[in-house]
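Here's a quick briefing to keep beside the viewer. Have the sequence open too, and follow the residue numbers as you go.

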Amino acid sequence: MRIEKGRANKITNLAEAVNRYVFDGCHISIGGFTMVRNPMAAIYETIRQRIKNLHLYAHSNGQGVDELIGAGCVAKLEIAYGGNGRFASTCVRFRKAVEQGTLPVEDYTNYQMTLRFMAGAMGVPFLPTRSSLGTDIIDKWGFTEAMRKEDPKIPDQKLIVTDNPFNKSGTIPKVVLVPAINTDVAILHVQKADAQGTARIHGLTFSDVEQAKSARHVILTCEEIVSQDDLRADPDQNQIPFFYVDAVVPVPFGAYPTSCHRCYDYDPAYLNEYLKSAQDDTLFAAYLDKYVYGSRDHQAFLEQIGPDRINRLKADPRTGYAVGLDRR
Amino acid sequence: MSAYTQRELMAIAAARQIRDGDIVFCGTGISMLAAMAAKHISAPQSVLFFETGAIDSVLEEIPMTVADSRVMFWTSVNGSLADAFATMQNRITGSHVIGILGAAQIDRFGNLNSTVIGDYHKPAVRFSGSGGASDVASFVSRTIIFMQHEKRKFVPKVDYITSPGWIDGPGGRGRTGLPEGGPFAVITNMGIMYFDERTKEMYLGGYYPGISPRRILDNMGFSVDISRAAEVTPPSDHELRILREVCDPQRLILGG
């Protein structure tokens, strides 16, 4: 199905890509980590299109996950960490939703979520690990059996502890089997892509590559579209082959207010203001009205922030971040 | 000797636990600071290492998250989450990794809760969850834990075991199938706790200047052996200078 459009020119605009591949009730994962390289432009577009009932998977995505939850887009969440680094030790809208009982959550670990995406990418039903043996991550389930039965995309069991079938030496008696994740769509923000969707990520890749390969459809937003020759002259630096990708959308500052290595830093002022708004339902509604619903698209959103503030975030070429940025 | 804050003492106390040549797994916040301080003071060969896949980072500025561009600078390799957790279990590198963690609750065996207060299905307070903490606590042979000394945090039974310590005492990890090793020090705002080799129970190893073992017990929800406790050496001028001028001049982690 995706192979048919393998070599097509996939460049499109964000409203079109989100409208086409993100749908009510879909299983979705987003790339990045805490306040780093989240596909924020696509997340804001998803909120603007008022797409609901998402079944969201993430390992440690902070800002993107929290905004989707806060905007009421998420029905179920499978996650390892709902925090935003030093800007929120626990993401506030995530915390509120769980404490109010409106958001069923299944807790895993970062490594387990990575292995789950990897299993999906490999086409196997599970992978083994020794992580979290003896803990409540194994014993306590957030999704009820009924919820698991109702949706064929959710595995029957959260995790399974089993004897190691290769235990000849006796050193590793037990393993935990983690179930594969196979999403409907993964959304990633990368630094460079060509029109076919070959992608280059600078800096840490987190579990973005595994996420792309475990999804039915992939939306890539990118800082810049480059020529195929540019990417293929140095192919060792590319991580995602074109045939996984369905849509390529150029969105400069598409991860803002999160950071994008070698391009720009996270915006401390924005994240601090967000944190303040997130504490209060009225302030949060006003936040969404002003920045998300009040912006036609990401470009209009960036114009609200203003060029001075954006320019201060630009990465220094030596280090890949904004040296000396006031991050209090 | 100069005056110092509690947070500075905590960072230095943890830094002193790091051995030269250790591969130091750091979380966000004070653990990064401790690892940086150790590297500049007593463990120059140690390797700063993050669950996001950054290996041997040069931290010219304090990262605000383990995914920060600042951890990606001048590394040996920028890998992925899958690489990072493999490094902790690899038969060559695994035994050199030391983990630094924090939590909302801890019990006498060093089991940690960073998920919920109250019932898991109807939590009074929800925290971030494991992230990589449970992975680290499962895989790594030595972990240091940062805690605040309060009765509600040192509890007889944690509300949710996010990260495994010594489980229920001697042989506990083996019975659940976990690798050997486990927590070895708890650094708090009042002192340092270690775990008894035989019983795997926490005991008071050190108390900070001006803080009595009695006061520490008053801030715990369970009692521990204090007979082995000695006063912790305060930070030296050299240690403080490195911490303040080299590691965190903006006081992003050290605070005011």
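In chain A of this predicted model, I160(A) sits across from L177(A), a residue of β7(A). That pair belongs to an antiparallel pairing, in which four bridges tie β6(A) to β7(A), residues 174-179.

- Three strands of chain A make up an open, antiparallel sheet, and the order across it is β5-β7-β6.
- Going from one strand to the next, the twist averages 35°.
- Helix α5 of chain A, residues 110-122, packs on this sheet and touches both β5 and β7 of chain A.
- The direction of that helix makes about 145° with the direction of β5(A).

**Chain A as a whole**

- Chain A contains 13 helices and eleven strands.
- How does its radius of gyration sit with that of a compact globule? For 328 residues such a globule would come out near 20 Å, and chain A has 20 Å, so the two agree.
- Buried residues come to 54% of the 328 in chain A.
- If you take the contacts in chain A with a separation of 6 or more, 73% of them link residues 24 or more positions apart.

- Look for a cis peptide bond running from Y256(A) to P257(A), where omega is near 10°.
- P257(A) is in the loop that lies between β11 (247-250) and α10 (268-278) of chain A.
- N53(A) isn't a glycine, yet its phi is positive, at about 55°.
- You'll find N53(A) in the loop between α2 (40-48) and β2 (54-57) of chain A.
- Is N53(A) buried, partly exposed or exposed? With 13 other C-beta atoms within 10 Å, N53(A) is partly exposed.

**Chain B as a whole**

- Chain B has seven helices and 14 strands.
- Its mean pLDDT is 95, and 100% of the residues of chain B reach 70 or more.
- A compact globule of 256 residues would have a radius of gyration near 18 Å; chain B has 17 Å, so that agrees.
- Along the principal axes, the C-alpha atoms of chain B fill a box of roughly 45 × 45 × 35 Å.
- Of the 256 residues in chain B, 56% are buried.
- For contacts in chain B with a separation of 6 or more, 64% come from residues 24 or more positions apart.

**A covered strand in chain B**

- Strand β11 of chain B, residues 182-187, is mostly covered, with five of its six residues buried.
- On one pairing, five bridges connect β11(B) with β10 (142-146) of chain B, and these two run parallel.
- In that pairing, F146(B) stands opposite I187(B).
- β11(B) also pairs with β12 (191-195) of chain B, through three bridges, and here the strands run antiparallel.
- I187(B) turns up again in this pairing, this time opposite I192(B) of β12(B).
- Three residues make the hairpin link from β11(B) to β12(B).

**A positive phi in chain B**

- W74(B) is another residue other than glycine with a positive phi, near 55°.
- The loop that holds W74(B) runs between β3 (54-55) and β4 (77-78) of chain B.
- W74(B) counts as exposed, because it has 12 C-beta neighbours inside 10 Å, and 12 or fewer is the cut-off for exposed.

**Where the chains meet**

- The contact draws 47 residues from chain B and 50 from chain A.
- On the chain B side, α3 (81-87), β9 (122-126) and α4 (133-139) each supply at least two of the residues that touch chain A.
- Sorted by class, that side of chain B has 20 nonpolar, 20 polar and seven charged residues.
- For the complex, the predictor gives an ipTM of 0.96 and a pTM of 0.97.

Conventions. Residues numbered from 1 in each chain as written. Chains lettered and ligands numbered in written order. Predicted model: local features only at pLDDT ≥ 70, side-chain atom pairs only at ≥ 80, totals over all residues. Pairing = 2+ DSSP bridges. Axes fitted to C-alpha atoms, helices over the stretch in contact; angles between N-to-C directions. Contact = placed C-beta atoms within 7 Å. pLDDT = per-residue confidence, 0-100. Nonpolar A, V, L, I, M, F, W, Y, C, P; charged D, E, K, R; others polar. Rg over C-alpha atoms; globule rule 2.2 N^0.38 Å. Buried ≥ 20, exposed ≤ 12 C-beta atoms within 10 Å, placed from the backbone.
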